[in-house]
Amino acid sequence: MDSAVSDPHNGSAEAGGPTNGTTRPPSTPEGIALAYGSLLLMALLPIFFGALRSVRCARGKNASDMPETITSRDAARFPIIASCTLLGLYLFFKIFSQEYINLLLSMYFFVLGILALSHTISPLMNKFFPANFPNRQYQLLFTQGSGENKEEIINYEFDTKDLVCLGLSSIVGVWYLLRKHWIANNLFGLAFSLNGVELLHLNNVSTGCILLGGLFIYDIFWVFGTNVMVTVAKSFEAPIKLVFPQDLLEKGLEADNFAMLGLGDIVIPGIFIALLLRFDISLKKNTHTYFYTSFAAYIFGLGLTIFIMHIFKHAQPALLYLVPACIGFPVLVALAKGEVTEMFSYEESNPKDPAAVTETREGTEATTSKGLEKKEK
């Protein structure tokens, strides 16, 4: 998981693009400001809209859009799994040809990117279809076994509008596959980030603190302790990071002196911010205090990351600044409002867990029975 903010220093060839033994011309202050500002804006968009969509996702009944719930056990294991994956990629790039590895990864992310972008633009595109559009429903169903032992492996429902979105996304996919253009990379990166914030749900605030705390240590170690993360980020030709050229004003769309932001710095704080939005809604006070507080904290943390990176001219572990801000600000607000207990007792069940579904159904039946008893009395 790439999670560092990297800056190609003025006059260096650190962050990508072909090198020929010559140094790059220094980036202008305007170009640097444009790059940093664009990265900040691109990071905010999937968090804001992904959080809003996570609310609808939690309430939805479509099996294909069910969120994946992260438990405290998952959160505790995640930094270890991420470290093993990162180190494995680093060793692969050291041992095997970078060209062939990136070819395989390009094909893999080509498919994933098309699906993610299609899912992202589908709600927006639905507004442009005419009322008389011939929209047919489809279902992709894979099962295993037969009779009573039959179980579903894949059950995905879609319609003609989704197929149109898939076709449009495929155009971006072919553009990315053939050119590896930074705009196509960012479209896929934004789609991955928004889908992550929307579909990955923390079950409670404590789990969020465990996840962010573990990745806080992970990020510091792999950025400051070794060159592994920065090396993988620069070698890995896949849309796992957002990039923006600092020489855009000089070279236009063919610019190649990039500043970058790992998707981990968007998705990980983003799912915590989305959880706080759902907590706000559960309070039924018609305010989104914790969501806006954590969103402002993210802006502060990422802005501080960019400032420190620019001052010291070294890649920074963004979670070093984002984690204390995104956890600390909402907790301080909860302390001021006397809602710390409510915040840490808020719990979301896993909609894919049969036990949770059974428990919810039993609770509903019990509530209904009590209501009928009161009516009879």
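User: At 45% relative accessibility, what does Lys285 count as?

Analyst: Lys285 counts as partly exposed. Here buried means under 20% relative accessible area and exposed over 50%, with partly exposed in between (1.4 Å probe, protein chains only). Keep in mind that this is a predicted model, in which local features need pLDDT of at least 70, side-chain atom pairs count only at pLDDT 80 or more, and totals for chains, interfaces and linings use all residues. Residues are numbered from 1 along each chain as its sequence is written, and side-chain values use heavy atoms, leaving out hydrogens and water.

User: Which residue forms a salt bridge with Lys285?

Analyst: Start with the general idea: side chains of opposite charge can pair when their charged atoms come close. A salt bridge here is a side-chain nitrogen of Lys or Arg within 4 Å of a carboxyl oxygen of Asp or Glu. The partner of Lys285 is Glu339, with the closest N and O atoms 2.3 Å apart. Lys285 sits in the loop between helix 9 and helix 10 (289-312), and Glu339 in the loop between helix 11 (319-337) and helix 12, so the two are distant parts of the chain, 54 residues apart. Glu339 is buried, at 6% relative accessible area. Helices (H or I, at least four residues) and strands (E, at least two) are DSSP runs, numbered from the N terminus.

User: Where do Arg278 and Glu348 lie?

Analyst: Their side chains meet in another salt bridge, 2.5 Å from N to O. Arg278 lies in helix 9 and Glu348 in the loop between helix 12 (340-345) and helix 13 (354-376), so the pair ties together parts 70 residues apart in sequence. Both Arg278 and Glu348 are buried.

User: How should I read strand 6, and which of its residues are on each side?

Analyst: In a regular strand the side chains alternate between the two faces of the sheet. In strand 6 (residues 241-245), five of five residues are buried. Lys241, Val243 and Pro245 are on one side, with Leu242 and Phe244 on the other. Strand 6 pairs with strand 7 (residues 258-262) in the antiparallel sense over five bridges; pairing requires at least two DSSP bridges. The bridge partner of Pro245 in strand 7 is Phe258.

User: How many residues does the largest nonpolar core have?

Analyst: A nonpolar core is a set of buried Ala, Val, Leu, Ile, Met, Phe, Trp, Tyr and Cys residues joined through side-chain atoms within 4.5 Å. The largest one has 84 residues, and Phe236, Ile266 and Tyr298 have the most contacts inside it. Its largest share, eleven residues, comes from helix 9 (residues 264-283).
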